[in-house]
Amino acid sequence: MNRNIYIYNTLSLSKELFKPINENRVLMYVCGITAYDLSHIGHARAYITFDVIYRYLRRLGYNVVYVRNFTDIDDKIIKKANEENSTVEKISSKYIDEYHKDMNALYISNPTYEPKATETIPDMINLISGLIKKGNAYEINGDVFFRVDSFKDYGKLSHKNIDELIAGSRIPVNEEKENFLDFALWKKSKENEPSWDSPWGKGRPGWHIECSAMSMKFLGESIDIHGGGSDLIFPHHENEIAQSESYTGKNFVNYWIHNGFVNINNEKMSKSLKNSITVRDVIDKFHPEALRLFFMFTHYRSFIDFSFKGIESAKQSLLRLYQAVNLYDEFKKLIKESGITVKKEDVSARAEGGGGRTPENIENYKNDFEVSMNDDFNTAKAISVIFDLVRKTNKIINDSMAQNVIISKDAAFLDAAVSFIKESLSGVFGLLNDDPKRFIESNLMNITAGGGVYTYIDEEEIKKLIDKRNEFRKNKEYASADEIRKSLLEKGIVLEDTGFGTTYKTTGAKQL
RNA sequence: GGCGGCAUAGCCAAGCGGUAAGGCAGAGGUCUGCAAAACCUUUAUACCUCGGUUCAAUUCCGAGUGCCGCCUCCA
């Protein structure tokens with residue numbers, strides 16, 4: 001296993017050789033959601049990105065301790081609770097449940113720990129007290145703020161300088177604070193808000209402090225990787241650094257990893273633009289793995305423009321992957337049952353019709369795959385290695401079936417290749433969770449309206465017509481059979497005669 | 001205003017100093033009553049423009065154009 005991973009570090013804005021603090025253990029923290037609404041595809045991208053990183057590091061033999069938190073106390077949750085005449089606790093636990101459903105549906109593996117902010121309040125209070133003692137924070141009437149001026153490295157992650165931040169300020173200065181950049185560590189609670197006792201009276205934690213507290217509680221004062229969406233760089237992660245490093249005097253995080261945003265029509269997805277798409281919107285219509293693969297095709301740091309057309313394309317690619325694995329399974333069955341001969345004499349076999357193929361070495365592909373993943377988790381490149389392999393295995397199988405013979409070197413390569421395909425797709429990318437045969441069949445049966453156009457279909461009527469047409473076909477009355485197919489096509493229904501009967505799908509272009 | 005990112009075939013997207021991965025769509029072929037599906041083959045000789053460095057640039061540097069993000073809660 002080649003562990004020379006290069007990771008793009010937001011701190012240095014460059015790729016750095018990854019060296020974990022402990023030789024065989026990786027400490028990783030990823031900022032989770034604020035639980036007040038259904039997860040959107042931006043969340044999906046973030047957590048799929050880190051899921052792949054998590055899976056890959058484990059595959060390289062690292063023992064990864066992975067923490068992904070929940071923010072279950074915050075302004076937005078309080079607002080939602082008020083709107084729905086509910087409680088903060090009920091709202092957050094509801095959306096945590098929904099989130100888990102989505103994560104499971106997307107085959108995102110469970111982190112080692114999933115702490116909630118509200119379970120870590122005492123740790124936060126300790127942290128804040130320590131910061132006050134050290135002069136890094138101050139209290140004003142029950143609120144506690146972090147004194148940004150006290151941390152000389154402020155801005156090192158987002159590469160901003162404090163003076164310019166002040167000059168470019170878009171928000172009104174809070175007169176109470178010493179400096180408008182100072183951020184809340186502890187907020188005095190208002191009436192009817194959840195609150196906790198603290199040395200500064202009843203209140204609740206500010207947002208940033210929770211991640212520092214949870215990271216330190218579960219992983220220690222210094223960790224290897226801290227990740228999240230690129231929108232968290234400033235101010236959230238910048239603030240985390242300030243708090244944590246002021247408190248411990250140690251380096252908080254060695255590698256900061258941030259994933260790029262999901263755009264809709266080339267614009268940022270946001271609630272205010274009313275263009276946000278939930279995970280449910282996608283997986284109601286497409287296989288969850290299509291979303292995963294859609295993300296894998298683009299490097300995690302790039303923007304990605306979401307469209308159902310793109311998912312459709314990814315779905316087709318996914319089908320190709322399943323088809324390849326299925327073809328192999330069928331082929332193995334064929335070898336067993338009927339007689340495809342495995343020839344040992346490579347030279348003569350190839351002369352007879354092996355196609356002059358040069359024997360392949362699976363190690364080259366494995367190496368290319370690893371080198372790609374080691375280069376800042378370049379999944380797009382790694383997946384292209386897999387597709388190369390797919391073409392090779394399909395070809396070997398096709399040639400062998402046509403000639404009724406397979407040379408032993410090809411047979412060995414084929415076995416090794418398919419097992420690598422399966423293992424890397426499922427192990428690293430989290431794909432191929434379904435049985436290939438089932439996946440393919442359900443896909444052909446699937447009534448898809450391409451491009452997001454829904455079509456009304458009278459299923460009974462179509463089934464009757466299909467039966468009628470098959471009668472004609474049995475009697476070799478092909479003209480009448482074609483007539484039925486043609487009439488359905490005009491309504492946007494495509495018939496397909498497959499090995500397991502006649503199926504149909506819609507073109508999505510026409511309305512019934 | 002400050003900081004940062006991006007611009008590669010019809011679409012999506014890797015590559016980032018040695019002459020363009022991969023996917024989708026399209027075309028041709030194999031198979032099939034015909035089709036479809038599947039599989040194979042095929043698809044970039046100005047890599048936004050103009051300069052520069054170099055034996056060599058899509059890749060580095062400079063200028064320009066066009067998109068986008070952060071600077072406010074946000075994955």
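Colleague: Before we look at single residues, what does "buried" mean here?
Modeller: A residue is called buried if its relative accessible area is under 20%, and exposed if that area is over 50%. Please keep in mind that this is a predicted model.

Colleague: Is Ile 73 buried or exposed, then?
Modeller: Ile 73 has a relative accessible area of 4%, so Ile 73 is buried.

Colleague: Where is Ile 73 found?
Modeller: Ile 73 belongs to the loop between S4 and helix H2, and that helix covers residues 75–83.

Colleague: Which residues does Ile 73 touch?
Modeller: Leaving out residues up to four places away in sequence, Ile 73 touches Ile 78, Val 88, Ala 117, Thr 118, Pro 194, Trp 196, Arg 204 and Pro 205. For Thr 118, the C-alpha atom is separated from that of Ile 73 by 6.7 Å, although the two residues are 45 residues apart along the chain.

Colleague: You mentioned S4. What is the strand order in the sheet that contains S4?
Modeller: The order is S4-S3-S9-S10, in an open sheet of 4 strands with parallel pairing. Strands S4 (63–68) and S10 (253–259) are the edge strands, as each pairs on one side only. From one strand to the next, the twist averages 20 degrees.

Colleague: How many bridges join S3 to S4?
Modeller: Strand S3, residues 25–30, is joined to S4 by 6 bridges, and the two run parallel. Within S4, Asn 63 is the residue opposite Arg 25.

Colleague: Which helices lie across this sheet?
Modeller: Helix H6, made of residues 207–219, lies across S3, S4 and strand S9 (223–229), and runs at about 160 degrees to S3. Helix H7, made of residues 233–248, lies across S9 and S10, and runs at about 170 degrees to S10.

Colleague: What kind of peptide bond joins Phe 234 and Pro 235?
Modeller: That peptide bond is cis, with omega at about 0 degrees. Pro 235 is part of helix H7.

Colleague: Changing topic: how is the sheet with S5 arranged?
Modeller: This open sheet has 4 strands in the order S5-S6-S7-S8, and the pairing is antiparallel. Its edge strands are S5 and strand S8 (203–205), each of which pairs on one side only. Here the twist averages 20 degrees from one strand to the next.

Colleague: How do S5 and S6 pair?
Modeller: Strand S5 (residues 137–140) and strand S6 (residues 143–146) are antiparallel and share 4 bridges. Tyr 138 has Phe 145 in S6 as its bridge partner, while Glu 139 stands opposite Val 144 in S6.

Colleague: And what about the turn of that hairpin?
Modeller: There are 2 residues between the strands of the S5 and S6 hairpin, and Asn 141 in this hairpin takes a positive phi near 45 degrees.

Colleague: What is phi for His 159 and for Asn 192?
Modeller: His 159, a residue other than glycine, has a positive phi near 55 degrees. Asn 192, also other than glycine, has a positive phi near 60 degrees.

Colleague: Where do those two lie, and how accessible are they?
Modeller: His 159 is placed in the loop between S6 and helix H5 (162–167), and its relative accessible area of 41% makes it partly exposed. Asn 192 sits in the loop between strand S7 (184–188) and S8. The relative accessibility of Asn 192 is 77%, so Asn 192 counts as exposed.

Colleague: At what angle do H9 and H10 pack?
Modeller: Helix H9 (residues 288–296) and helix H10 (residues 308–337) pack at an angle of about 105 degrees, and their axes are 8 Å apart. H9 is therefore roughly perpendicular to H10.

Colleague: Which residues make that contact?
Modeller: H9 contributes Glu 289, Ala 290, Leu 291, Leu 293 and Phe 294. Those from H10 include Gly 310, Ile 311, Ala 314, Lys 315 and Tyr 322. The residues of this contact divide into 9 nonpolar, 2 polar and 2 charged.

Colleague: Last topic: what is the mean pLDDT of chain A?
Modeller: The mean pLDDT of chain A is 88, and 89% of its residues reach 70 or more. Residues 347–356 have a pLDDT below 50, and that stretch has 11 contacts in the model beyond near neighbours in sequence. Over residues 446–455 the pLDDT also stays under 50, and the model has 24 contacts for them beyond four places in sequence.

Note on methods:
Residues numbered from 1 in each chain as written. Chains lettered and ligands numbered in written order. Predicted model: local features only at pLDDT ≥ 70, side-chain atom pairs only at ≥ 80, totals over all residues. Heavy atoms only, no water. Axes fitted to C-alpha atoms, helices over the stretch in contact; angles between N-to-C directions. Parallel < 35°, antiparallel > 145°, perpendicular 65-115°, else oblique. Contact = heavy atoms within 4.5 Å. Nonpolar A, V, L, I, M, F, W, Y, C, P; charged D, E, K, R; others polar. pLDDT = per-residue confidence, 0-100. Pairing = 2+ DSSP bridges. Buried < 20%, exposed > 50% of the residue type's maximum accessible area, 1.4 Å probe, protein only.
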